[in-house]
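Here is a short briefing for a first look at this chain. Start with the view below, then read the points by topic.

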Amino acid sequence: MDIISSQRQKEEEASGLKRHAFTAQSRQDEAATLTMARDRSPTGEVMKLAAIALSLNVRLRSSDMPVDMQERALRYARSFLDDSSISSAPKHRPNPTLLARALKKEFDSVYGVAWHCVAGKSFGSFVTHSPGGFMYFSIDSLFIVLFKTEVKLVTESEISSQIS
């Protein structure tokens, strides 16, 4: 019986199934898991952000940025694209370069330097960013990546040691 149960356990593990023994301890573990799952459920802030994204016709694709920063980026990008002073034509084509520059400058001024922005209809990227400083979203057919990198102060002694 030991060999059969051992083989069955290996098959269950391989298929992703887990066997649960219903003891008091396992019930406590399951209750803790359910509590953690509830804690990860959408909060009011996240639901508000989702409603804002819908109202702005924006699709949030990936982010590890705080909700208030995400909201600022979405609202700023949408208002930039909707601004009629950019082009006199009623249905102007958005200029991704101008949008990227404006969004980068906005975040540099509000949240400190070292923000980067890529905007366009077709591009690939792989970036390293500071924790809490990444967002990828789209507006209509325009895709935007906004991220922050770490800024390290370089001292004169480090510069002279590199030159020598």
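Asp 140 forms a salt bridge with Arg 78, and their closest N and O atoms are 3.7 Å apart. A salt bridge here is a side-chain nitrogen of Lys or Arg within 4 Å of a carboxyl oxygen of Asp or Glu. The model is predicted: local features need pLDDT of at least 70, side-chain atom pairs count only at pLDDT 80 or more, and totals for chains, interfaces and linings use all residues. Residues are numbered from 1 along each chain as its sequence is written, and side-chain values use heavy atoms, with hydrogens and water left out.

**Salt bridges**

- The count comes to 6 salt bridges.
- Asp 140 is exposed, with a relative accessible area of 56%, whereas Arg 78 is buried at 10%.
- Buried means under 20% relative accessible area, exposed means over 50%, and partly exposed is in between (1.4 Å probe, protein chains only).
- Glu 71 forms a salt bridge with Arg 75, with the closest N and O atoms 3.0 Å apart.
- Both Glu 71 and Arg 75 lie in helix 4, 4 residues apart, about one turn of the helix.
- Glu 71 counts as buried at 18% relative accessibility, while Arg 75 counts as partly exposed at 41%.
- Lys 48 joins Glu 71 and Arg 75 in a network of salt bridges.
- Asp 108 and Lys 104 also meet through their side chains, at 2.2 Å from N to O.

**Overall layout**

- The chain holds 6 helices and 4 strands.
- Helices (H or I, at least four residues) and strands (E, at least two) are DSSP runs, numbered from the N terminus.
- Along the sequence the pattern reads α-α-α-β-α-α-β-β-β-α.
- Of the 164 residues in the chain, 26% are buried.

- The 4 strands form an open sheet in the order 1-3-4-2, with antiparallel pairing.
- Strand 1 (58-63) and strand 2 (115-120) stand at the edges with a single partner strand each, so one side of each has no neighbour in the sheet.
- Strand 2 and strand 4 (residues 142-148) run antiparallel and are joined by 6 bridges.
- Two strands pair if DSSP finds at least two bridges between them.
- Ala 119 stands opposite Ile 144 in strand 4.

**Helices and contacts**

- Helix 4 (residues 67-82) lies across strand 1, strand 2, strand 3 (134-139) and strand 4, at about 35 degrees to strand 3.
- Helix 5 (residues 96-111) lies across strand 2, strand 3 and strand 4, at about 160 degrees to strand 2.
- Axes are lines fitted to C-alpha atoms, for helices over the stretch in contact, and angles run from 0 to 180 degrees between N-to-C directions.
- Glu 106 is found in helix 5 and is buried, with a relative accessible area of 17%.
- Glu 106 touches Arg 72 and Tyr 76, not counting residues up to four places away in sequence.
- Contact means heavy atoms within 4.5 Å.
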